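Subject: Structure handover

Hello,

Here is the structure for your files. My notes on it follow below.

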Amino acid sequence: MSTNPSTASADPGTNRDDHPVPVVPATPAGTSSGTAIVKAEVLVTSPDRNFVTLRLTTADGVVGLGDATLNGRELAVASYLQDHVVPLLMGRDAHRIEDTWQFLYRSAYWRRGPVTMAAIAAVDVALWDIKAKLAGMPLYQLLGGASRTGIMAYGHASGRDLPELFDSIRHHQELGFRSIRVQTGIPGIDKVYGIAAQHTNTGSRYDYEPAQRAPLPAEEDWDTRAYLRHIPTVFEAVRNEFGPELPLLHDGHHRMTPIQAAKLGKALEPYDLFWLEDVTPAENQDALRLVRQHTTTPLAIGEVFNTIWDYKTLIEEQLIDYVRSPVTHAGGITGLKRIFDYASVYQIKSGAHGPTDVSPVGLAAAIHLGLAIPNFGIQEYMQHAPATHEVFRTTYSFAGGRLDASDAPGLGVEYDDEAAAAFPYEAAYLPVNRLLDGSMHDW
Ligand code: EZ4
Ligand code: CO
(Lines give C-alpha, C1' and ligand atoms only; values in the text may rest on other atoms or scores of the structure.)
(Ligands and ions follow the chains in the order given, each with its own letter.)
Protein backbone atom coordinates (compact mmCIF):
# COMPACT_ATOMS: atom_id res chain seq x y z
CA MET A 1 0.00 0.00 0.00
CA SER A 2 1.46 3.35 -0.95
CA THR A 3 1.07 6.59 0.93
CA ASN A 4 1.15 9.91 -0.88
CA PRO A 5 3.77 11.88 1.07
CA SER A 6 2.15 15.21 0.25
CA THR A 7 -0.93 14.24 2.27
CA ALA A 8 1.02 12.66 5.13
CA SER A 9 1.90 16.07 6.52
CA ALA A 10 1.99 16.54 10.28
CA ASP A 11 -0.11 19.66 9.80
CA PRO A 12 -3.49 18.88 8.27
CA GLY A 13 -4.09 22.59 7.77
CA THR A 14 -1.25 23.41 5.36
CA ASN A 15 -3.37 23.26 2.22
CA ARG A 16 -6.37 25.08 3.62
CA ASP A 17 -6.18 27.78 0.94
CA ASP A 18 -6.55 25.21 -1.82
CA HIS A 19 -9.11 22.92 -0.21
CA PRO A 20 -11.52 23.91 2.54
CA VAL A 21 -10.99 20.63 4.42
CA PRO A 22 -12.00 20.40 8.08
CA VAL A 23 -9.06 21.53 10.17
CA VAL A 24 -8.42 20.48 13.76
CA PRO A 25 -5.51 21.79 15.75
CA ALA A 26 -2.96 18.98 16.10
CA THR A 27 -2.13 19.87 19.67
CA PRO A 28 -4.77 22.16 21.15
CA ALA A 29 -3.98 24.34 24.12
CA GLY A 30 -3.80 22.38 27.35
CA THR A 31 -2.67 19.08 25.82
CA SER A 32 0.82 17.75 25.86
CA SER A 33 2.37 17.10 22.47
CA GLY A 34 3.49 13.79 23.97
CA THR A 35 0.03 12.44 23.11
CA ALA A 36 0.34 13.39 19.42
CA ILE A 37 0.05 10.41 17.07
CA VAL A 38 3.44 9.97 15.41
CA LYS A 39 3.08 6.50 13.87
CA ALA A 40 0.18 4.58 12.33
CA GLU A 41 0.80 1.07 10.99
CA VAL A 42 -1.65 -1.10 9.05
CA LEU A 43 -0.80 -4.72 9.85
CA VAL A 44 -2.12 -7.60 7.74
CA THR A 45 -1.57 -11.17 8.90
CA SER A 46 -3.23 -14.55 8.43
CA PRO A 47 -2.84 -16.86 11.44
CA ASP A 48 -5.55 -19.36 10.45
CA ARG A 49 -7.51 -16.56 8.78
CA ASN A 50 -6.87 -12.98 7.61
CA PHE A 51 -6.82 -10.05 10.03
CA VAL A 52 -6.25 -6.31 9.53
CA THR A 53 -5.00 -4.42 12.58
CA LEU A 54 -4.22 -0.71 13.03
CA ARG A 55 -1.45 0.17 15.48
CA LEU A 56 -1.12 3.81 16.58
CA THR A 57 1.86 5.14 18.55
CA THR A 58 2.06 8.48 20.36
CA ALA A 59 5.12 10.73 20.69
CA ASP A 60 5.55 9.38 24.23
CA GLY A 61 5.55 5.82 22.89
CA VAL A 62 2.10 4.69 24.03
CA VAL A 63 0.69 2.09 21.62
CA GLY A 64 -2.98 1.39 20.79
CA LEU A 65 -4.50 -1.41 18.69
CA GLY A 66 -7.69 -1.43 16.62
CA ASP A 67 -9.32 -4.21 14.56
CA ALA A 68 -10.25 -3.44 10.93
CA THR A 69 -10.95 -6.97 9.66
CA LEU A 70 -13.72 -7.27 7.05
CA ASN A 71 -14.05 -10.91 6.08
CA GLY A 72 -13.33 -11.52 2.38
CA ARG A 73 -12.66 -7.81 1.68
CA GLU A 74 -9.67 -7.28 3.99
CA LEU A 75 -7.39 -5.40 1.61
CA ALA A 76 -10.03 -2.77 0.81
CA VAL A 77 -10.01 -1.67 4.46
CA ALA A 78 -6.21 -1.90 4.63
CA SER A 79 -5.98 0.48 1.64
CA TYR A 80 -8.67 2.81 3.03
CA LEU A 81 -6.62 3.11 6.21
CA GLN A 82 -3.15 3.26 4.66
CA ASP A 83 -3.96 5.54 1.73
CA HIS A 84 -6.70 7.76 3.13
CA VAL A 85 -6.71 7.71 6.95
CA VAL A 86 -3.12 7.27 8.15
CA PRO A 87 -2.04 10.59 6.52
CA LEU A 88 -4.83 12.41 8.38
CA LEU A 89 -3.82 11.01 11.77
CA MET A 90 -0.23 12.24 11.91
CA GLY A 91 0.14 14.87 14.62
CA ARG A 92 -3.44 14.59 15.91
CA ASP A 93 -3.91 14.46 19.66
CA ALA A 94 -4.70 10.84 20.60
CA HIS A 95 -6.93 12.10 23.42
CA ARG A 96 -9.50 13.58 21.01
CA ILE A 97 -11.50 10.42 20.35
CA GLU A 98 -14.94 11.89 19.63
CA ASP A 99 -13.52 14.67 17.49
CA THR A 100 -11.44 12.18 15.47
CA TRP A 101 -14.51 9.97 14.97
CA GLN A 102 -16.55 12.93 13.70
CA PHE A 103 -13.65 14.15 11.56
CA LEU A 104 -13.26 10.77 9.82
CA TYR A 105 -17.03 10.21 9.41
CA ARG A 106 -17.86 13.68 8.10
CA SER A 107 -14.70 14.43 6.12
CA ALA A 108 -15.09 11.32 3.94
CA TYR A 109 -18.36 12.83 2.65
CA TRP A 110 -19.30 9.30 1.41
CA ARG A 111 -21.07 7.99 4.46
CA ARG A 112 -21.53 4.65 6.19
CA GLY A 113 -20.70 1.29 4.62
CA PRO A 114 -18.59 -1.55 6.01
CA VAL A 115 -15.22 -0.42 4.62
CA THR A 116 -15.45 3.13 5.95
CA MET A 117 -16.93 2.10 9.30
CA ALA A 118 -14.36 -0.68 9.87
CA ALA A 119 -11.58 1.84 9.21
CA ILE A 120 -13.13 4.36 11.62
CA ALA A 121 -13.62 1.56 14.16
CA ALA A 122 -9.94 0.65 14.04
CA VAL A 123 -8.87 4.23 14.73
CA ASP A 124 -11.48 4.65 17.46
CA VAL A 125 -10.57 1.45 19.33
CA ALA A 126 -6.83 2.18 19.09
CA LEU A 127 -7.48 5.63 20.61
CA TRP A 128 -9.56 4.14 23.46
CA ASP A 129 -6.74 1.63 24.06
CA ILE A 130 -4.24 4.51 24.29
CA LYS A 131 -6.46 6.63 26.55
CA ALA A 132 -7.04 3.75 28.95
CA LYS A 133 -3.32 2.95 29.05
CA LEU A 134 -2.58 6.60 29.81
CA ALA A 135 -5.16 6.45 32.60
CA GLY A 136 -3.57 3.23 33.88
CA MET A 137 -6.96 1.48 33.76
CA PRO A 138 -8.65 -1.35 31.89
CA LEU A 139 -10.89 0.21 29.25
CA TYR A 140 -14.20 -0.77 30.89
CA GLN A 141 -13.32 1.57 33.78
CA LEU A 142 -13.24 4.56 31.42
CA LEU A 143 -16.59 3.48 29.96
CA GLY A 144 -18.25 3.80 33.36
CA GLY A 145 -16.95 0.76 35.21
CA ALA A 146 -18.26 -2.80 35.34
CA SER A 147 -22.04 -3.28 35.50
CA ARG A 148 -21.72 -7.08 35.84
CA THR A 149 -19.33 -9.90 36.68
CA GLY A 150 -18.39 -11.03 33.19
CA ILE A 151 -20.51 -11.11 30.04
CA MET A 152 -22.58 -14.16 29.05
CA ALA A 153 -21.24 -15.65 25.82
CA TYR A 154 -22.78 -18.18 23.46
CA GLY A 155 -20.91 -20.81 21.47
CA HIS A 156 -21.60 -22.44 18.11
CA ALA A 157 -22.80 -26.05 18.21
CA SER A 158 -23.51 -27.75 14.90
CA GLY A 159 -23.91 -31.15 13.30
CA ARG A 160 -24.79 -32.68 9.98
CA ASP A 161 -27.41 -34.74 11.84
CA LEU A 162 -28.90 -34.95 15.34
CA PRO A 163 -26.32 -37.32 16.92
CA GLU A 164 -23.47 -35.09 15.68
CA LEU A 165 -25.34 -31.99 16.89
CA PHE A 166 -25.94 -33.47 20.37
CA ASP A 167 -22.22 -34.33 20.66
CA SER A 168 -21.35 -30.78 19.67
CA ILE A 169 -23.76 -29.28 22.24
CA ARG A 170 -22.26 -31.51 24.97
CA HIS A 171 -18.76 -30.53 23.86
CA HIS A 172 -19.64 -26.84 24.15
CA GLN A 173 -21.13 -27.41 27.60
CA GLU A 174 -17.85 -29.08 28.61
CA LEU A 175 -15.96 -26.03 27.30
CA GLY A 176 -18.03 -23.97 29.75
CA PHE A 177 -20.75 -22.54 27.50
CA ARG A 178 -24.13 -21.97 29.15
CA SER A 179 -25.83 -20.61 26.00
CA ILE A 180 -25.59 -22.35 22.66
CA ARG A 181 -26.33 -21.58 19.01
CA VAL A 182 -27.72 -24.56 17.10
CA GLN A 183 -27.22 -25.09 13.33
CA THR A 184 -27.76 -28.39 11.50
CA GLY A 185 -27.63 -30.02 8.12
CA ILE A 186 -30.89 -30.12 6.15
CA PRO A 187 -32.00 -33.35 4.45
CA GLY A 188 -31.67 -32.91 0.69
CA ILE A 189 -29.15 -30.05 0.91
CA ASP A 190 -25.51 -30.94 0.49
CA LYS A 191 -23.64 -27.99 2.03
CA VAL A 192 -25.24 -25.59 4.50
CA TYR A 193 -24.02 -22.52 6.44
CA GLY A 194 -22.65 -23.05 9.93
CA ILE A 195 -21.93 -26.79 9.99
CA ALA A 196 -18.40 -27.37 11.30
CA ALA A 197 -17.95 -30.96 10.17
CA GLN A 198 -19.09 -30.55 6.59
CA HIS A 199 -16.39 -30.70 3.94
CA THR A 200 -15.70 -27.66 1.82
CA ASN A 201 -14.42 -27.21 -1.71
CA THR A 202 -10.85 -27.07 -0.37
CA GLY A 203 -11.29 -30.32 1.54
CA SER A 204 -10.65 -28.66 4.90
CA ARG A 205 -13.10 -28.55 7.83
CA TYR A 206 -15.18 -25.48 8.55
CA ASP A 207 -14.60 -25.33 12.30
CA TYR A 208 -13.20 -21.88 12.69
CA GLU A 209 -14.16 -20.04 9.56
CA PRO A 210 -16.63 -20.13 6.68
CA ALA A 211 -14.29 -18.12 4.38
CA GLN A 212 -12.17 -20.56 2.45
CA ARG A 213 -8.68 -19.87 1.13
CA ALA A 214 -9.24 -20.36 -2.57
CA PRO A 215 -9.29 -18.18 -5.70
CA LEU A 216 -13.10 -18.41 -5.93
CA PRO A 217 -15.89 -18.55 -3.32
CA ALA A 218 -17.20 -21.99 -2.31
CA GLU A 219 -20.76 -22.70 -3.46
CA GLU A 220 -23.35 -23.88 -0.97
CA ASP A 221 -26.92 -25.04 -1.64
CA TRP A 222 -30.19 -23.70 -0.41
CA ASP A 223 -33.86 -24.75 -0.32
CA THR A 224 -35.98 -22.68 2.02
CA ARG A 225 -38.95 -25.08 2.07
CA ALA A 226 -36.73 -27.97 3.15
CA TYR A 227 -35.17 -25.74 5.82
CA LEU A 228 -38.55 -24.59 7.19
CA ARG A 229 -39.80 -28.20 7.41
CA HIS A 230 -36.67 -29.43 9.19
CA ILE A 231 -35.61 -26.79 11.74
CA PRO A 232 -38.61 -27.08 14.13
CA THR A 233 -37.97 -30.85 14.38
CA VAL A 234 -34.35 -30.12 15.35
CA PHE A 235 -35.35 -27.77 18.18
CA GLU A 236 -37.96 -30.22 19.42
CA ALA A 237 -35.29 -32.94 19.60
CA VAL A 238 -32.78 -30.62 21.31
CA ARG A 239 -35.33 -29.55 23.95
CA ASN A 240 -36.25 -33.20 24.57
CA GLU A 241 -32.59 -34.11 25.03
CA PHE A 242 -31.27 -31.07 26.95
CA GLY A 243 -34.35 -29.83 28.83
CA PRO A 244 -36.13 -26.46 29.00
CA GLU A 245 -33.47 -24.29 30.65
CA LEU A 246 -30.52 -24.17 28.24
CA PRO A 247 -30.65 -20.88 26.28
CA LEU A 248 -30.70 -21.81 22.56
CA LEU A 249 -30.09 -19.53 19.59
CA HIS A 250 -30.39 -19.98 15.83
CA ASP A 251 -29.13 -18.00 12.83
CA GLY A 252 -31.36 -17.80 9.72
CA HIS A 253 -28.53 -15.91 7.92
CA HIS A 254 -30.73 -13.57 5.85
CA ARG A 255 -32.38 -16.37 3.85
CA MET A 256 -36.14 -16.05 4.31
CA THR A 257 -38.82 -13.81 2.90
CA PRO A 258 -40.86 -11.92 5.53
CA ILE A 259 -43.74 -14.40 5.42
CA GLN A 260 -41.36 -17.38 5.65
CA ALA A 261 -39.64 -15.73 8.62
CA ALA A 262 -43.00 -15.20 10.32
CA LYS A 263 -43.82 -18.86 9.80
CA LEU A 264 -40.51 -20.06 11.27
CA GLY A 265 -40.74 -17.72 14.28
CA LYS A 266 -44.22 -19.09 15.04
CA ALA A 267 -43.15 -22.70 14.56
CA LEU A 268 -40.24 -22.25 16.99
CA GLU A 269 -42.28 -20.63 19.79
CA PRO A 270 -42.75 -23.89 21.74
CA TYR A 271 -38.96 -24.29 22.01
CA ASP A 272 -38.39 -20.93 23.70
CA LEU A 273 -35.41 -19.62 21.73
CA PHE A 274 -33.18 -16.95 23.27
CA TRP A 275 -33.20 -15.47 19.77
CA LEU A 276 -33.75 -16.11 16.09
CA GLU A 277 -31.14 -14.19 14.11
CA ASP A 278 -31.16 -12.49 10.70
CA VAL A 279 -34.43 -13.97 9.50
CA THR A 280 -34.61 -11.67 6.46
CA PRO A 281 -32.08 -9.49 4.59
CA ALA A 282 -32.83 -6.55 6.88
CA GLU A 283 -31.73 -3.69 4.69
CA ASN A 284 -35.49 -3.76 4.09
CA GLN A 285 -36.21 -2.77 7.66
CA ASP A 286 -39.96 -2.44 7.02
CA ALA A 287 -40.18 -6.20 6.37
CA LEU A 288 -39.72 -6.83 10.08
CA ARG A 289 -43.14 -5.31 10.80
CA LEU A 290 -44.77 -8.31 9.19
CA VAL A 291 -42.53 -10.80 11.01
CA ARG A 292 -43.16 -9.09 14.34
CA GLN A 293 -46.96 -9.21 13.95
CA HIS A 294 -46.87 -12.99 13.78
CA THR A 295 -44.39 -14.22 16.35
CA THR A 296 -43.15 -13.77 19.91
CA THR A 297 -39.82 -15.48 19.17
CA PRO A 298 -37.17 -12.82 20.03
CA LEU A 299 -35.37 -11.42 17.00
CA ALA A 300 -31.71 -10.40 16.62
CA ILE A 301 -30.45 -8.39 13.64
CA GLY A 302 -27.51 -6.31 12.54
CA GLU A 303 -24.21 -8.14 12.09
CA VAL A 304 -23.91 -6.56 8.62
CA PHE A 305 -25.05 -3.11 9.81
CA ASN A 306 -22.51 -0.36 10.41
CA THR A 307 -24.26 2.70 11.81
CA ILE A 308 -27.12 3.87 13.98
CA TRP A 309 -28.97 4.91 10.81
CA ASP A 310 -29.17 1.28 9.65
CA TYR A 311 -31.23 0.52 12.75
CA LYS A 312 -33.55 3.53 12.73
CA THR A 313 -36.84 1.78 11.93
CA LEU A 314 -35.87 -1.46 13.66
CA ILE A 315 -35.18 0.31 16.95
CA GLU A 316 -37.81 3.06 16.94
CA GLU A 317 -40.61 0.63 16.07
CA GLN A 318 -39.24 -2.02 18.44
CA LEU A 319 -39.07 -4.59 15.65
CA ILE A 320 -36.08 -6.43 17.15
CA ASP A 321 -34.89 -7.49 20.61
CA TYR A 322 -31.09 -7.56 20.14
CA VAL A 323 -28.70 -5.48 18.04
CA ARG A 324 -25.91 -7.53 16.47
CA SER A 325 -23.26 -5.11 15.21
CA PRO A 326 -19.73 -5.67 16.45
CA VAL A 327 -17.38 -2.91 17.58
CA THR A 328 -15.19 -3.72 14.55
CA HIS A 329 -17.79 -2.93 11.86
CA ALA A 330 -19.85 -0.20 13.51
CA GLY A 331 -17.40 2.64 14.06
CA GLY A 332 -15.72 1.27 17.17
CA ILE A 333 -16.58 1.79 20.82
CA THR A 334 -17.88 5.30 20.04
CA GLY A 335 -20.17 4.17 17.22
CA LEU A 336 -21.50 1.01 18.85
CA LYS A 337 -22.04 2.55 22.29
CA ARG A 338 -24.25 5.18 20.63
CA ILE A 339 -26.31 2.40 18.98
CA PHE A 340 -26.61 0.50 22.28
CA ASP A 341 -27.71 3.65 24.14
CA TYR A 342 -30.34 4.34 21.48
CA ALA A 343 -31.53 0.71 21.71
CA SER A 344 -31.79 0.95 25.51
CA VAL A 345 -34.54 3.56 25.19
CA TYR A 346 -36.69 0.81 23.64
CA GLN A 347 -35.65 -2.05 25.97
CA ILE A 348 -33.54 -3.55 23.18
CA LYS A 349 -30.34 -5.25 24.32
CA SER A 350 -26.87 -5.88 22.93
CA GLY A 351 -25.96 -9.13 21.19
CA ALA A 352 -22.69 -8.25 19.49
CA HIS A 353 -21.35 -10.30 16.60
CA GLY A 354 -18.33 -12.33 17.68
CA PRO A 355 -17.22 -14.65 14.89
CA THR A 356 -13.56 -15.56 14.34
CA ASP A 357 -13.38 -12.82 11.71
CA VAL A 358 -13.63 -10.24 14.50
CA SER A 359 -10.02 -10.34 15.75
CA PRO A 360 -9.04 -10.78 19.40
CA VAL A 361 -8.59 -6.99 19.46
CA GLY A 362 -12.22 -6.55 18.34
CA LEU A 363 -13.40 -9.18 20.83
CA ALA A 364 -11.50 -7.52 23.69
CA ALA A 365 -13.18 -4.20 22.81
CA ALA A 366 -16.57 -5.96 22.88
CA ILE A 367 -15.84 -7.41 26.32
CA HIS A 368 -14.94 -4.01 27.79
CA LEU A 369 -18.04 -2.39 26.28
CA GLY A 370 -20.29 -5.29 27.30
CA LEU A 371 -19.05 -5.09 30.89
CA ALA A 372 -19.95 -1.41 31.11
CA ILE A 373 -23.28 -0.86 29.32
CA PRO A 374 -26.61 -1.15 31.18
CA ASN A 375 -28.43 -3.08 28.42
CA PHE A 376 -26.04 -5.95 27.77
CA GLY A 377 -27.78 -9.05 26.40
CA ILE A 378 -25.32 -11.68 25.21
CA GLN A 379 -22.00 -11.89 23.34
CA GLU A 380 -21.24 -14.31 20.51
CA TYR A 381 -17.96 -16.15 21.15
CA MET A 382 -16.73 -18.30 18.29
CA GLN A 383 -13.33 -19.17 19.71
CA HIS A 384 -10.22 -18.23 17.74
CA ALA A 385 -7.79 -20.84 16.44
CA PRO A 386 -4.53 -21.45 18.38
CA ALA A 387 -2.44 -19.80 15.61
CA THR A 388 -4.49 -16.60 16.00
CA HIS A 389 -3.48 -16.42 19.66
CA GLU A 390 0.20 -16.71 18.72
CA VAL A 391 -0.11 -13.30 17.03
CA PHE A 392 -2.67 -11.67 19.35
CA ARG A 393 -1.59 -12.09 22.98
CA THR A 394 -4.81 -11.72 24.95
CA THR A 395 -5.55 -11.37 28.66
CA TYR A 396 -9.35 -11.83 28.65
CA SER A 397 -10.75 -15.01 30.16
CA PHE A 398 -13.70 -17.36 29.68
CA ALA A 399 -15.16 -19.28 32.62
CA GLY A 400 -18.63 -20.25 33.84
CA GLY A 401 -20.13 -19.27 30.49
CA ARG A 402 -18.83 -15.71 30.77
CA LEU A 403 -16.07 -13.67 29.17
CA ASP A 404 -14.22 -11.21 31.40
CA ALA A 405 -11.54 -8.56 30.92
CA SER A 406 -8.29 -8.58 32.85
CA ASP A 407 -7.01 -5.63 34.88
CA ALA A 408 -4.33 -4.87 32.28
CA PRO A 409 -4.46 -1.18 31.26
CA GLY A 410 -6.22 -0.53 27.94
CA LEU A 411 -7.70 -3.40 25.92
CA GLY A 412 -5.27 -5.94 27.35
CA VAL A 413 -4.14 -7.27 23.94
CA GLU A 414 -0.63 -7.22 22.46
CA TYR A 415 0.40 -7.83 18.87
CA ASP A 416 3.43 -10.07 18.24
CA ASP A 417 5.13 -8.84 15.04
CA GLU A 418 7.49 -11.79 14.86
CA ALA A 419 4.68 -14.32 15.06
CA ALA A 420 2.60 -12.32 12.54
CA ALA A 421 5.42 -12.39 9.98
CA ALA A 422 5.08 -16.18 9.73
CA PHE A 423 1.46 -15.86 8.49
CA PRO A 424 1.29 -13.83 5.25
CA TYR A 425 -2.07 -12.77 3.77
CA GLU A 426 -3.89 -15.37 1.68
CA ALA A 427 -6.95 -14.53 -0.42
CA ALA A 428 -10.11 -16.05 1.08
CA TYR A 429 -13.77 -15.58 0.23
CA LEU A 430 -17.03 -16.20 2.02
CA PRO A 431 -19.22 -18.79 0.25
CA VAL A 432 -22.16 -18.05 -2.04
CA ASN A 433 -25.54 -19.79 -2.05
CA ARG A 434 -27.42 -21.27 -4.99
CA LEU A 435 -30.95 -22.59 -5.04
CA LEU A 436 -31.47 -26.12 -6.38
CA ASP A 437 -32.23 -24.70 -9.87
CA GLY A 438 -28.87 -22.95 -9.89
CA SER A 439 -30.01 -19.37 -9.21
CA MET A 440 -28.13 -17.18 -6.73
CA HIS A 441 -29.61 -16.69 -3.26
CA ASP A 442 -28.57 -14.69 -0.18
CA TRP A 443 -25.79 -16.51 1.69
O1 EZ4 B 1 -21.41 -15.57 8.69
O2 EZ4 B 1 -18.93 -13.69 10.46
O3 EZ4 B 1 -23.63 -15.06 13.53
N4 EZ4 B 1 -22.62 -15.24 12.94
C5 EZ4 B 1 -22.47 -15.24 11.61
C6 EZ4 B 1 -21.07 -15.38 11.06
C7 EZ4 B 1 -20.92 -14.72 9.70
C8 EZ4 B 1 -19.46 -14.46 9.42
C9 EZ4 B 1 -19.24 -13.73 8.10
O10 EZ4 B 1 -17.94 -13.28 8.02
O11 EZ4 B 1 -23.46 -15.12 10.91
O12 EZ4 B 1 -20.73 -16.74 11.00
CO1 CO C 1 -25.11 -14.36 12.09
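Helices (H or I, at least four residues) and strands (E, at least two) are DSSP runs, numbered from the N terminus. The model is predicted, so to speak of local features pLDDT of at least 70 is needed, side-chain atom pairs count only at pLDDT 80 or more, and totals for chains, interfaces and linings use all residues. Residues are numbered from 1 along each chain as its sequence is written, and side-chain values use heavy atoms, with hydrogens and water left out.

Asp48 is not a glycine, yet its phi is positive, about 85°. Gln347, in the loop between helix H10 (332-344) and strand E11 (349-352), also has a positive phi, near 60°.

Ligand 1: 14 residues surround it (a heavy atom within 4 Å). The closest are Asn71, Tyr193, His253, Glu303 and Asp357. The shell divides into 4 nonpolar, 3 polar and 7 charged residues (nonpolar: Ala, Val, Leu, Ile, Met, Phe, Trp, Tyr, Cys and Pro; charged: Asp, Glu, Lys and Arg; polar: the others, Gly among them). Oxygen atoms of ligand 1 lie 2.7 Å from a side-chain N or O atom of Tyr193, 2.8 Å from a polar side-chain atom of Asp357 and 3.2 Å from one of Glu380. Taken alone, ligand 1 exposes 330 Å², of which the protein buries 94% (Shrake-Rupley method, 1.4 Å probe).

Regards

Methods
Chains lettered and ligands numbered in written order. Polar contact = N/O pair within 3.5 Å; in protein donor to acceptor, adjacent residues only side chain to side chain.
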